[in-house]
Amino acid sequence: MKNIYYLLSVISLTALLVGGCKKEEETFEDPYEGAKEPLGISINREILPSPANGESGAEVTIPVKGLLPYKDQVQVQFNGVDAQILSVSESSVKVKVPENASSGVTSVIVKDQVVIGPYFKVNGLVNIDPTFVATAGSNRHINQFYKMADGRNILVGAFTDYDNKGLLSPLNRIIKISDDGVLDRSFRTGRAANGDLTSIVEMGGKFIVAGAFNGYGQQGSISNITSVNSNGSVDTAQYDTYLKKVTGIIKFFPRFNGGTDAPINRLYTFNNKAIATGNFRYYVKRIYSEPNYLQTRDSIILDSTEVRQIIRLSADGSLDKTYRFDQTGKALAGANGFIDSYMHTSGPLAGKVVIFGKFSRFDGQAANNIVRLNADGTIDGSFTVGSGTDNNIGSLTYNELTGKYLITGSFTRYNGHVSPGIAMLNSNGSPDNSFIAKEISGGYANFAKQLTSGLVVVSGGFKTYSGISRSGFMILNPDGTLATKYNNTGRFSGNLNDVIEMKNADQKNSLLLIGGFTRFDNQELNNIIRVTIE
């Protein structure tokens, strides 16, 4: 009982002490103090402008209430581009669609307060092509579009579904389609590649595919490259194995016996040879004729040869040591960083390979992120890039008609010339000073390609170009300015891997866009679309 009284006394004493030590009541600043007064402006975003679409220069009325008291302070934008205000009333504002406007939301700005308005579609010369049937696209990125002589096309990439046709039977990273996007079911690849495909070429009546994979169909024993039959199945051959000598059992392995220890990012064919580039270090091949240590079954021995980043292979996969090897039989050093490539397979530059990326030396010589090789693999001294770029180059394309290269990346200078992430080069590597890239903000350009018309298609993660809202996609004139009426499309999300010029079903000039993207012109579209370009 004494213990209970003692405990109650302690509790009472503690309560008194806590009460005696209680701090004064804390005060906090008003989190809304200094907030801007509401202006009483309201926009019903469900009510579309009148008209709901139009070209640059069109007069448009946007329903908005409460704007009249601020008629001399109003700013109206179309997807971030200022519009000319024609009149303001109690229930609306009348404006003129600005020259560089693109499809997107309208907005009203008064005293630094922004009120988001309804969507407005800007009409122009670039529009999604309704005759392209594969509206669902692919479920992962597409790396290459390959045009065949019979008019059909092959796509390779990382996808396992295309236009929702692979839901029951996956389409693993290689398919054949028509120009309008129709899947060709006669191309039966089975399981196909078990990893990403980056490239495909034709050589010796077969397809050669490359990427990051170690199996194709039922076959393993593959190191990032193999040959494929015209129907899409892996090309196999009978090999003289140890068990065949002992038991007569016949085994088949991929006919193309060669590969690399790391992924291949580009593949080309020239003079009946395949040239592969990537950030690999070794060429590898398999030896099937030796037994395991118990001599009870076959042993697959992986033989390797050190050769960095660029190799030339024969149709059977064997290594061509006449290309980029010195007289002692040692492979040339290559780049001291990461590379990508572009090869000329026709025209006056046929056989030459441009190597670009992030490196400061190539084959022991100073080379700031870009160099060109002759057909024999040696450095091309006629490619006069001077000091190159001050940062990495992410993409390079070439227009054989105009003889111009386009490079993009995170660089700011090319051979001493100001080049904010995009530069046009002459065929000898010197800068084309008639193309002047403007300031890019909000990210970088990661792809650019010049069309036969001279127009330049650019994509990336940027938000503005020369201070004008262009969300990830734009079309430039040959001098680097935004092309009038070609920049009407809205937001683009992702990146392009290629732009292919073609005619659509209505014989209109069209562009097939492939890559890794999820949105074009504010619409959810996955990795492949076609647009008309008038």
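User: Which residues have the most contacts inside the largest nonpolar core?

Analyst: This is a predicted model. Its largest nonpolar core has 21 residues, and Leu67, Val76, Phe78, Val93, Val95 and Val110 have the most contacts inside it. Five strands each supply at least two residues of this core: E2 (59–63), E3 (75–78), E6 (92–96), E7 (104–110) and E8 (113–122). Apart from it lies another core, of 20 residues, among them Phe447, Leu511, Phe517 and Phe520.

User: What is Val95 in contact with, leaving aside its neighbours within four places in sequence?

Analyst: Contact means heavy atoms within 4.5 Å. Val95 meets that with Ala58, Glu59, Val60, Ile62, Val76, Phe78, Ala83, Gln84, Ile85 and Leu86.

User: Why is Thr408 called buried?

Analyst: Buried means under 20% relative accessible area. Thr408 has 1% relative accessibility, so it counts as buried. Thr408 sits in strand E30 (residues 404–409). Beyond four places in sequence, Thr408 touches Ile393, Gly394, Ser395, Gly421, Ile422, Ala445, Asn446, Phe447 and Ala448.

User: What makes the link between Thr408 and Ser395 a polar contact?

Analyst: The cut-off for a pair of N or O atoms is within 3.5 Å. The side chains of Thr408 and Ser395 are joined at 2.6 Å. The side chain of Thr408 also reaches the backbone oxygen of Asn446, at 3.5 Å.

User: Is Asp150 buried or exposed, and why?

Analyst: Exposed means over 50% relative accessible area. Asp150 has 53%, so it is exposed. Asp150 lies in the loop between E10 and strand E11 (153–157). Its side chain reaches the backbone nitrogen of Arg152 at 2.9 Å.

User: Why is Asp163 called buried?

Analyst: The limit is under 20%. Asp163 has a relative accessible area of 12%, so it is buried. Asp163 is placed in the loop between E11 and strand E12 (174–177). Its phi is near 50 degrees, a positive value in a residue other than glycine.

User: What makes Asn369 count as buried?

Analyst: Again the cut-off is under 20%. Asn369 has 4% relative accessibility, so it counts as buried. Asn369 is in the loop between strand E27 (365–366) and strand E28 (370–373). Phi of Asn369 is near 75 degrees, also a positive value in a residue other than glycine.

User: Which bond joins Ser50 and Pro51?

Analyst: A cis peptide bond, with omega about -5 degrees. Pro51 lies in the loop between helix H1 (2–20) and strand E1 (53–54).

User: How many cavities of 30 Å³ or more does the structure hold?

Analyst: One. The largest cavity holds about 100 Å³ of space. It is lined by 14 residues, and Ser56, Glu99, Ala101, Lys485 and Asn487 are the closest to its centre. The lining has four nonpolar, seven polar and three charged residues.

User: What volume does the largest pocket have, and which residues lie nearest its centre?

Analyst: Its volume is about 1,400 Å³. Of its 41 lining residues, Gln144, Arg266, Tyr342, Lys449 and Asp498 lie nearest the centre. Elements that give two or more residues to the lining include strand E10 (142–147), strand E19 (264–270) and strand E40 (493–503).

User: Which element gives the most to the lining of the largest pocket?

Analyst: E40 does, with seven residues. By class, the pocket lining has 15 nonpolar, 19 polar and seven charged residues.

Terms used. Residues numbered from 1 in each chain as written. Predicted model: local features only at pLDDT ≥ 70, side-chain atom pairs only at ≥ 80, totals over all residues. Heavy atoms only, no water. Core = buried A, V, L, I, M, F, W, Y, C linked by side-chain atoms within 4.5 Å. Buried < 20%, exposed > 50% of the residue type's maximum accessible area, 1.4 Å probe, protein only. Helix = DSSP H or I, 4+ residues; strand = E, 2+ residues; numbered from the N terminus. 1 Å grid on protein atoms, 1.4 Å probe; cavity = no way out; pocket = protein on both sides within 12 Å on 5 of 7 lines; lining within 4 Å. Points joined across faces, edges and corners; volume = space filled by probe spheres on them. Nonpolar A, V, L, I, M, F, W, Y, C, P; charged D, E, K, R; others polar. Polar contact = N/O pair within 3.5 Å; in protein donor to acceptor, adjacent residues only side chain to side chain.
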